[in-house]
Amino acid sequence: MKQESEWEPRLLGFLCKWCSYAGADLAGTSRKKYPANIRIIKVPCSGRIDPLFILKALRLGFDGVLVSGCHPGECHYQTGNYRARRRIALTKKFLEYMGVEPTRIQASWVSASEGGKFAEVVTEVTNELKEIGPNRLFDEERDIYGTKIAP
Amino acid sequence: MAITDISHRKRFLAQGNVYLPHIAVIEKIIEETPGVRTFHFNFKDEKLREEFTFESGQFGECSVFGVGEAPFCISSSPTRRDHLEFAVQQAGRVTNALHRLGVGAEIGFRGPYGNSFPLELLQGKNLVFIGGGIGLAPLRSLIWNVIDNREKYGNIDIIYGARSPADLCFGYDLDSWDKDRAVNMITTVDRGDEGWTGRVGLVPHVLEQVAPAADNAVAIVCGPPIMIRFTFPVLVKLGFTPEQIITTLEKRMKCGIGKCGRCNIGNIYVCRDGPVFTYAQIKSFVSSEY
Amino acid sequence: MRLINNSKKVNKKDIGKLLSQWSEEFVVFVPSKENGVVMMAKWDGTDTSFVDWYRNTVIPPKAHFLPPMEEMFRFQKDKGSYQLEQPASDGQKQLIFAIRPCDANALAILDKVFEDAYEDPYYLSRRKNRLLVGLGCTNPYDSCFCTSLGSSPSDAANVDLMLTDIGDEFLIEGVTDAGKQLIAQTSGLEEATEADDSRAKEVREASYHKVTRRIDTKDINSKLLSCFEDEDYWEKVAAKCISCGICTLLCPTCYCFDISDELVKQQGTRFRCWDSCAFPIYTKMPMENPREEKWRRVRQKVCHKYEFYLMNFGVIACTGCGRCIRLCPVNWDITQTLNSLPAKT
Amino acid sequence: MEQKLRREAKALLEQGQVDYIVGFEPGSLKFTTTPLITRDKEEVDRLVINPFIVNNLANFLTELKGRVGIIAKGCDSRSIVSLIQDNKVAREDVVILGIPCPGIIDLSKVEELIGKDRDELEAISREGDKVVITADGKTSEFSITEVLFDNCLGCELPTPQEYDILLGEPTLPVTDRSASQAKIEQLKGMPPQPRWEFWSNELSRCIRCYACRNVCPACFCQRCFVEETEPQWLMPVPRWQDNLMFQVIRNIHVAGRCTDCGECERACPVNIPLRSLTKEMYDIVGELFHFKAGMDKDTAPLMTHYEQEEAEDFIR
């Protein structure tokens, strides 16, 4: 385990290819500064996001997950982002109930022209993740079968 | 004929933990068809390379570390021992991972497991090999084994078919058997293409046309289940008794040694008691689960 | 099984002292509850209240020998080459206290498959250094049917030493050499009197008759064989099964397992874990599945236990512990199935 | 009620209106019932209705071919409606024999109260708002709030809304539903980390028998994500991390379909308090989207539709 001081959050971004991915591209080409903590997976639509992706990212040790898609009403496929919204809302609320910091699950609407907004979102999220610290949710090896009934 | 004699089980026992695979290195990869590759491999350990023995028809559990294990029959002949071979059709997690590997990659191998083709019983007999698609792989081991001891056997007929010319596996073997005057090689495809000048027809139909004599003969069949199901009746029609028909079965085999439980047909565990069976045995399985 | 007539006894109040004494040599496991789930857990050094409530565990003691999951080996890529590392051998000496006869018998059944041809090193190494202290049942469940399987609530055939509840005391009898030796080493045990012995005999007799659920195991394998192809029967029987893994995973004689790999940052582990013939994917191959339909899986479960295992190893793979009946969410009852097998047509 | 049920069921079979009757018959153990799935009109004489009819029979609908006459309690009827919403079952293929359900007795609570196991008890009977239990010749009385399943105590709609035949008079829900929320409220009162630890601890007992999934009528996928191998989302190994992930995803998948029938928790052989997950998800669905599962067969399933304006505040 790294020293806390050296620790930098790792953020996984699922960006819709029509809006947010283009927005991230724009942020890059227009030299907007944003933290290098984000790793990006391009998806055809934010509606492609299965809560399973979010869970798996947390399971693999990402400190936060950002789903980003088109603004409401602007989805390339008409309704993908509305569906994503329902799913993420449920996931976030439910995981919060189970004891996951809601900060770890993030969503944003970023259009292809909002390079600046993308940079802001990533900066904000990264800072918030820094505040709550590393994701240790799945770290601890606790297991009755390993320790209790059949050592 | 007692193919399920279990004496073979102790034939090659790994020292110590039977579940530990031996590290082997892929030496060559042959693209047989789109989706089927043959892997040539050898054990890393020199001593094991020398001492390892197997029989035609046996299989091994092959590991792609980090992905899992799957059973493959050894498709090379024990008479040609500079390396081992198995053919892999892309179908699931492990086979996909195998197809991603290149020459020099390390895999795990444990085995050989299962029984083998009953060579003693085949001696002096006319042999009819009937294969479909990748089902030629286990037959291939036996065919080379027999060819390398040609004087011990009678006539050899090989009837091999695939869906299309592009799906024919082991083209290099087919060529060399075709040229071999001591072998009657018949290749067929379900559907030809522009370049195809050979036979067209399903394996059971071609078998019926070729009509090998059942007298003093043994048929060895391996292919997709549907082919096997249609081939047996043709053989019976040609006068083959169920005892004269041998096949090898495929099941999901996780452990390879009769413990994990999933490859049974009745009380027979394919990994431990098979995979080679006579049609007589299969027929007596009171089950439609093979 | 005839027990030697040289028995000792211990007062129930002194069980703690006995376990403490044994704890010096063994890691002692006793029945304990976690959120109401009874399992054999490491003794905490004080609590012996299980003496009052213990009937049997939910998690069968097979978990000590074939755990729900275990590491088979680890692998690591070092300079382009894989290195395999086996887990350190489990040398710990354990004592499992108050194992029920049915569960101890189950281990003897499991031994057969794990010793067969290729020895299973994981299971067998654990079998070597674990001592089984049996406790006869005085209050069997209504789902128990051990007496139909040639056993009884006081069967001492497969334990090292056997305890019998004779009221305020447990009668202790050595069965195996290891068990007798342990008794000889143990201090503070009282000599049992003739009255204790006859009391124990009465208790055994009484508990035998408390097991009322019965199956007829006579010619069971040929009966199953003759109705094997009776699809209608099996479909009818399987209708309410939900294909969960409770009856198999928690069966003390079920041993099926799955093997899988995990790779995290170049550090890999090969696991094995319990698997169940009730799951459709258990037999699934890329192109086909020999047991896709539910009734085939139910038939496999029943026939494996009462027909195939008997054919291969000469013993029925069931000890009548009744867990599969007791824990089934839909009350699928194997005894009803076995008792209603259609006669030969 | 039982007599009427048998008559109706027999008539349905005789008139060829249904191919199957799915109901309850006495179980093989004391105080248990077991599903009866039959085409035989003689067998319907075995049908029973009592305070131990635990199973949610809607679970069997997706696998039965043909028309089915099915006995449904309030929650079960909503599961049926939910399956109709999802196009898993056609309304015309089911004849719903609705039972106004006064609540089902949780035998584990009874065992806890009496300090004896189910098979050691002599009698359990429901008398109004009381449950009378006899053990060792002694009778004791308990309030139903002590012995009904938590989900029954929280049941809003004990009488089926969707039915073809209603057996008996509509019944009212338990007035004080607070008991059903006790465990959940207790969890909510804990800080996040202990809460996460609680769940990882509970789920470390999971043996992956999948009973929770397989008893659940809302879990009707032909192939569950846990069985996917390319990619493999979860290890088949019962480690708490994978177990926990399984439960989270299962809950999200059944959101808007779960009717709080409580079967998952009851089926669990290792007593994982699964209802404390499903009920909270049920409430979240209600709170965020004003949606209740299985209320109206003509409503679209929760996750297939949306409102322009809803649950946005968390989006940047």
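Before going on, a word on the model: it is predicted, so local features need pLDDT of at least 70 and side-chain atom pairs count only at pLDDT 80 or more, while totals for chains, interfaces and linings use all residues. Residues are numbered from 1 along each chain as its sequence is written, with chains lettered from A and ligands numbered from 1 in the order in which they are written.

When I say helix or strand, I mean a DSSP run, numbered from the N terminus: H or I of at least four residues for helices, E of at least two for strands. Two strands pair if DSSP finds at least two bridges between them.

Back to strand 8 of chain B. Strand 7 (residues 126-132) and strand 8 of chain B run parallel and are joined by six bridges. On to strand 9 (residues 184-189) of chain B: strand 8 pairs with strand 9 in the parallel sense, over six bridges. There, Tyr160(B) has Thr187(B) as its bridge partner.

What links these strands? Strand 7, helix 4 (residues 136-147) and strand 8 of chain B make a right-handed β-α-β unit. Strand 8, helix 5 (residues 171-179) and strand 9 of chain B also make a right-handed β-α-β unit. Right-handed means that, with the strands pointing away from the viewer, the path from the first strand over the helix to the second runs clockwise.

Is strand 8 of chain B mostly covered or uncovered? Strand 8 (residues 156-162) is mostly covered, with five of its seven residues buried. A residue is buried if 20 or more other C-beta atoms, placed from the backbone, lie within 10 Å of its own, exposed if 12 or fewer, and partly exposed in between.

Chain B has another sheet to show you. Six strands form an open sheet in the order 4-3-6-1-2-5, with antiparallel pairing. At its edges are strand 4 (68-73) and strand 5 (84-89) of chain B, each pairing on one side only. Inside this sheet, strand 3 (residues 59-64) and strand 6 (residues 106-113) of chain B pair in the antiparallel sense over four bridges, and Ser63(B) has Gly108(B) in strand 6 as its bridge partner.

Strand 6 of chain B also holds Pro112(B). The peptide bond from Gly111(B) to Pro112(B) is cis, with omega near 5 degrees. Chain D has a cis peptide bond between Glu230(D) and Pro231(D), with omega about 0 degrees. Why do I point these out? Most residues other than glycine have a negative phi, and most peptide bonds are trans.

Now for phi. Ala98(C), in strand 6 (residues 94-99) of chain C, has a positive phi of about 70 degrees although it is not a glycine. Ala98(C) counts as buried because it has 22 C-beta neighbours inside 10 Å. Arg208(D) has a positive phi of about 60 degrees and is not a glycine either. Arg208(D) is buried too, with 26 other C-beta atoms within 10 Å.

Finally, how do chains A and D meet? 33 residues of chain A are in contact with 33 residues of chain D, where contact means that C-beta atoms, placed from the backbone, lie within 7 Å. Helix 3 of chain A gives the most to the side of chain A that touches chain D, with 14 residues.

Note on methods: Two residues are in contact if their C-beta atoms, placed from the backbone, lie within 7 Å.
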